[in-house]
Amino acid sequence: MAAGIFGNTEALEDLRDGFVGSLVTPDDPSYDEARSVFNGMIDRRPAVIAQCASPEDVAKAILFGRHLDLQIAVRGGGHSVSGMSLNDGGIVIDLRRMNAVTVDPEARTARVAGGATMSDLDRAGEPHGLATTGGRVSTTGVGGFTLGGGTGWLDRKFGLSCDNLLSVDLVAADGSAVRASEDENPELFWALHGGGGNFGVATSFSFRLYPLPVVTAMMLLWRPEAGPDVARAYRDFMASAPDEVGGGLIYLTGPPEEFVPEHLVGQLTLAVLVAYAGDEPAARTVAGPLLGLGHDAEMIAELPYAEFQCMLDDPPGCRNYWSAEHLDAFPDQAVDLFCARAGDMIVPSPSQHVLFPQGGLTARVGADYPVPWRQASWVAHPFGLWEDAADDERGRRWAHNVRADLQPWSSGAVYLNFIGDEGQERLVAGFGPENYRRLAAVKGRYDPENVFRLNHNIKPAA
Ligand code: FAD
């Protein structure tokens with residue numbers, strides 16, 4: 001198909017006519033950079049990458065793709081593990097140029113263009129001391145993140161990212177502009193709270209913001225042998241922790257930072273990360289039980305949320321495989337299994353063997369959005385990143401084994417942003433069976449021909 005289109009330069013000229021952004025084709029020197037995504041395993045060659053600069057560009061690109069019967073991919077931050085924002089021989093609607101963020105400090109809202117990253121949003125809120133729930137790194141796209149639900153350091157305090165949506169502007173499959181909010185197209189608005197990129201290309205989001213002048217980062221480190229004791233203590237601590245406490249229990253490769261002792265650098269290390277939505281004295285008081293455990297090293301700092309968000313930024317271009325299991329409980333037996341599996345993680349590497357707490361406001365939001373995983377107490381998230389293709393099998397096996405071990409405590413639901421394509425059963429579990437049917441009806445209305453199918457795909461109802 002690709003060669004066909006580029007043999008047919010006239011077709012491309014049609015798209016170029018009035019297109020404000022850039023069109024990148026395989027003969028362009030920037031093509032390889034333009035087609036690279038976070039997961040270095042993904043090597044796809046679209047026929048054309050439409051770097052859109054406006055909603056009108058997006059509409060043009062959709063109609064062009066449909067006219068030529070090209071597969072259409074939509075690219076935000078390019079972080080999906082299975083590379084859903086790329087295709088072979090089709091058109092990519094690349095939103096990265098559309099990254100403007102405007103904050104209204106009086107109304108405490110932000111208007112965020114569809115291709116903005118978490119960093120764009122955080123940095124725009126920072127001068128006003130305002131923030132909202134974002135991901136745990138700064139490079140993720142607000143688009144894919146929020147449309148899938150959106151969990152992060154602040155979700156126990158402010159709810160999921162999608163809980164803070166006020167409206168979304170979309171370009172639908174027929175090229176028309178649609179706004180979704182509580183008052184306009186409310187069923188579509190409901191579907192955009194977890195239903196992903198199934199319903200159109202989001203060109204703009206409006207979010208609720210909250211005062212957050214400072215956060216406190218607290219990272220405590222141990223040798224891995226301390227794992228089961230520390231994990232039990234962390235579990236018990238989180239059972240009554242206030243909503244201000246986010247964070248996680250993370251096995252990682254000890255980084256070469258000043259605060260990390262030599263015996264942990266480059267070695268499997270256990271970290272408890274407390275992301276406290278408040279100042280350091282309050283953080284120290286609340287985290288007293290963790291600070292009393294006797295750790296090997298610590299880093300405790302008050303910093304703006306936008307800075308905090310960059311602390312764990314991972315390098316792009318590694319080979320990636322991740323999965324997730326949402327847990328209703330984390331009893332001692334699960335703790336032991338989880339900690340033992342950390343030994344299978346590839347070390348040294350940027351991989352993380354993670355347990356995130358949920359709860360807080362995330363669990364208390366009463367809305368019936370299609371994110372059934374919000375009720376789980378914990379998420380085990382084997383997040384594998386490595387460099388050598390020879391480790392592919394090992395990396396995958398580790399993630400599968402983590403899930404298999406924890407099955408007895410699984411809530412059955414799964415957050416689809418934390419997994420790639422794991423089959424239809426898991427996909428339906430991501431939304432819940434009843435929600436899936438309701439989403440399919442919305443899909444049938446806004447994208448009856450399933451133009452937007454490079455995603456956790458909901459088949460349109462007739
Ligand atoms: P893309 O690959 O560009 O897009 C993913 C999907 O969303 C695609 O189907 C795409 O078509 C669609 N899409 C993207 N933008 C739009 C848009 N504007 N309109 C319509 N469809 C769109 N998730 C969390 O919840 N919390 C975290 O803390 C977190 N941390 C992460 C850290 C790293 C290092 C990585 C790689 C991922 C992390 N994720 C996290 C997962 C992340 O939320 C998902 O991978 C998400 O899909 C990424 O969105 P994206 O726009 O960056 O990716």
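View 1. A backbone N or O atom of Ser80 sits 3.0 Å from an oxygen atom of the ligand. Please keep in mind that this is a predicted model. The side chain of Ser85 also takes part, with an N or O atom 3.3 Å from a ligand oxygen atom. At Arg136, a polar backbone atom lies 2.8 Å from an oxygen atom of the ligand. On its own, the ligand has 950 Å² of accessible area, and the protein covers 97% of it.

**View 2. The shell around the ligand.** Here you can look for the 35 residues that surround the ligand, the closest being Val74, Gly76, Gly78, Thr151 and Tyr415. Elements giving two or more residues to this shell are β3 (72-75), α6 (142-148) and β10 (201-208). The largest share, four residues, comes from α6. By type, the shell holds 14 nonpolar, 18 polar and three charged residues.

View 3. Eight of the eight residues of β12 (residues 215-222) are buried, so the strand is largely enclosed by the rest of the structure. In a regular strand, side chains alternate between the two faces of the sheet. Val215, Ala217, Met219 and Leu221 point one way from β12, while Thr216, Met218, Leu220 and Trp222 point the other way.

**View 4. The partners of β12.** Strand β15 (residues 297-303) pairs with β12 in the antiparallel sense over seven bridges, and Leu303 of β15 is the bridge partner of Val215. Strand β14 (residues 268-276) also pairs with β12 in the antiparallel sense, over seven bridges; there, Val272 of β14 stands opposite Leu220.

Note on methods
Residues are numbered from 1 along each chain as its sequence is written. This is a predicted model: local features need pLDDT of at least 70, side-chain atom pairs count only at pLDDT 80 or more; totals for chains, interfaces and linings use all residues. Side-chain values use heavy atoms; hydrogens and water are left out. A residue is near a molecule or strand if one of its heavy atoms lies within 4 Å of it. A polar contact is a pair of N or O atoms within 3.5 Å; within protein, one must be able to donate a hydrogen and the other to accept it, and residues adjacent in sequence count only if both atoms are side-chain atoms. Accessible areas come from the Shrake-Rupley method with a 1.4 Å probe; for residues, only the protein chains shown count as cover. Ala, Val, Leu, Ile, Met, Phe, Trp, Tyr, Cys and Pro count as nonpolar, Asp, Glu, Lys and Arg as charged, and the others, Gly among them, as polar. Buried means under 20% relative accessible area, exposed over 50%, partly exposed in between (1.4 Å probe, protein chains only). Two strands pair if DSSP finds at least two bridges between them.
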